[in-house]
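This report describes the annotated regions of one chain and then two chain-to-chain contacts. Please keep the sequence and the structure open while reading.

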Amino acid sequence: MNEQLLFNLVDLAGTFAFAISGATAARRCNLDLFGILAIAFITACGGGIARDLCIGAIPPAGLSDWRYLFTAIVAALLTIVAYPWVERLTYPVRLFDAMGLGLFAVYGAHKALLFGHNAEVAILLGMITAVGGGMARDVLLARVSIVLQKEIYALAAFAGAALAVIGEYYRWPAVWATWLPILFCFGLRFLSLHYHWNLPRFGRKQES
Amino acid sequence: MNEQLLFNLVDLAGTFAFAISGATAARRCNLDLFGILAIAFITACGGGIARDLCIGAIPPAGLSDWRYLFTAIVAALLTIVAYPWVERLTYPVRLFDAMGLGLFAVYGAHKALLFGHNAEVAILLGMITAVGGGMARDVLLARVSIVLQKEIYALAAFAGAALAVIGEYYRWPAVWATWLPILFCFGLRFLSLHYHWNLPRFGRKQES
Amino acid sequence: MNEQLLFNLVDLAGTFAFAISGATAARRCNLDLFGILAIAFITACGGGIARDLCIGAIPPAGLSDWRYLFTAIVAALLTIVAYPWVERLTYPVRLFDAMGLGLFAVYGAHKALLFGHNAEVAILLGMITAVGGGMARDVLLARVSIVLQKEIYALAAFAGAALAVIGEYYRWPAVWATWLPILFCFGLRFLSLHYHWNLPRFGRKQES
């Protein structure tokens, strides 16, 4: 029970951090009140909604569970009324974001397996749960997503989802199967931020 | 029966107005014949298709009911062959668009309830039915949607969908539960256009 | 049996060509390793995934069949390590792309009919199977898709899908019903490339 509570807390903390990142980006693009709320919600819940559509979990939890909508709205309003304060929160928000990344990836993979799908579906949809919202945010803001351009973000989500599927196949104890992949993804993301790791690029510079 | 006929007429008039707005935008971006047809259809039917995917109404009505495709194609061809005439039609098109907004929001919310989903799903998907097509149009035209930036558009759809759900819960008579929310959304949208109402923004200007 | 093998070969060759076009575009936009892999996969499988969501084929084959993911990754890695070579392959890649266009359109239409949907759904989703991935690629790269702007691409897919539905309705022998529409779409696309055919535009130039 305590474990479930912790899981729920991390889930909502991740939702909150994702929504903050959406609301901040929307505010910078000078969107109006509705735009900020919408982008915050889509950043937080878009990945999970895409996952639920692909595994046949109708209606998507992001639309039917009021806690996600509520958390996203609170995060968006906070970004509006206390922007300078939110800007100074960069560090904890990044921490929550990295925790959310891990939890979303692992939860997404578990849910896909629970619905009877194979390992490939689980890993891909775990990753989409974690990074899909951020990509939808950038598509709506008409820009190429940073997820596709630099840092170790989707790769950390992939690693978390893959580890979750491995843990499920080898029947690790539930606590391990849940928290080890989350911590691994979190750690990888955190280290990559700290040491400014990037994946290689192969674009124009190499050719010139 | 008369009421059903009126409903269908407003539905197709809204589809027509949405398709006109899509075709006009596509033509301005210098898309080719297919591009104009595709954007007109997506603007008119994209929101309903997203709703149907989320509530499990397979196949989406926008894809299976020829009347929507036909209406969108007629609107697109009209925009092509009689562009100066369509441009002079701005006022009636805006009127139809506002009617379509109300009807789509209310019909989307009703359909979600009919499929057994809760109030939150119904309100969110009613709003998405009404504004999703316009947002898809802007995503495909690689620009930030005006829906997210100014005017009272999504908020009017939200109000219509919410009122429809309230009417359903308190078992208003069918005519009231259908037309009152539509008229409310229409009125709100119409007044906001007339008086140039906007939602607040909190972007760069405030900080400088 | 031989026919099935040929079908699978063309299917994977088309997937490969679509993935090459995605990876090339991603590399030109200076995306990182993950970005190139993701865009290659989405270009190759995005259309089929959209189709499967719309017809209720859960999970989408693009997510559950490892051969598509594998083919897309091989194509992306090849684009990375042997870019000058891939650039010189323009002609065969265009050939494969045109073959893939035809096969995806026809296979998409067939699958929609197989799931019990009507002719309109089959034709629209056949076309979406063929062009949806390319449009998703351009949305993620924040640009207006070339599919909407010039050349005969979606129209060829439409013709292939429509012919496949006609063949099904008139109960043509299976080999004809499969390969004639594919060849027709391929031929139309190929001729349009060779003779630089475009659909008409009606944009700014006409007005000035």
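How much helix and how much strand does the chain have over residues 95–166 of chain A, and how far apart are the end C-alpha atoms? Over that stretch chain A is 76% helix and 0% strand, with its end C-alpha atoms 25 Å apart. The model is a predicted one.

## Annotated regions of chain A

An unreviewed UniProt entry carries the annotation "domain: Glycine transporter" for residues 9–83 and 95–166 of chain A. Residues 9–83 of chain A are 85% helix and 0% strand. The end C-alpha atoms of residues 9–83 lie 24 Å apart. The values for residues 95–166 of chain A are those given above: 76% helix, 0% strand and 25 Å.

## Contact of chain A with chain B

In this contact, 29 residues of chain A meet 31 residues of chain B. The two chains bury about 2,400 Å² between them, and carbon and sulfur atoms account for 68% of that area. On the chain A side, the residues that lose the most area to chain B are N30(A), F34(A) and L63(A), together 28% of what that side buries.

Zero salt bridges are counted between chain A and chain B. Seven residue pairs are in polar contact across this interface, both residues at pLDDT 80 or more. The elements of chain A that give two or more residues to the side touching chain B are α1 (2–28), α2 (33–55), α3 (61–64), α4 (66–81) and α7 (119–140). Of these, α2(A) gives the most, with eight residues. By residue class, the chain A side divides into 21 nonpolar, four polar and four charged.

## Contact of chain C with chain B

Here 30 residues come from chain C and 29 residues from chain B. The area buried between chain C and chain B is about 2,400 Å², with 68% given by carbon and sulfur atoms. On the chain C side, E120(C), L148(C) and F202(C) lose the most area to chain B and together make up 27% of what that side buries.

Two or more residues of the chain C side come from each of α2 (33–55), α7 (119–140) and α10 (204–207) of chain C. The element α7(C) gives the most to this side, with seven residues. The chain C side that touches chain B divides into 17 nonpolar, five polar and eight charged residues.

Terms used
Residues numbered from 1 in each chain as written. Chains lettered and ligands numbered in written order. Predicted model: local features only at pLDDT ≥ 70, side-chain atom pairs only at ≥ 80, totals over all residues. Heavy atoms only, no water. UniProt positions renumbered as here; feature names shortened; annotations may be inferred. Helix = DSSP H or I, 4+ residues; strand = E, 2+ residues; numbered from the N terminus. Contact = heavy atoms within 4.5 Å. Buried area = accessible area lost by both parts, 1.4 Å probe. Nonpolar A, V, L, I, M, F, W, Y, C, P; charged D, E, K, R; others polar. Salt bridge = Lys/Arg side-chain N within 4 Å of Asp/Glu carboxyl O. Polar contact = N/O pair within 3.5 Å; in protein donor to acceptor, adjacent residues only side chain to side chain.
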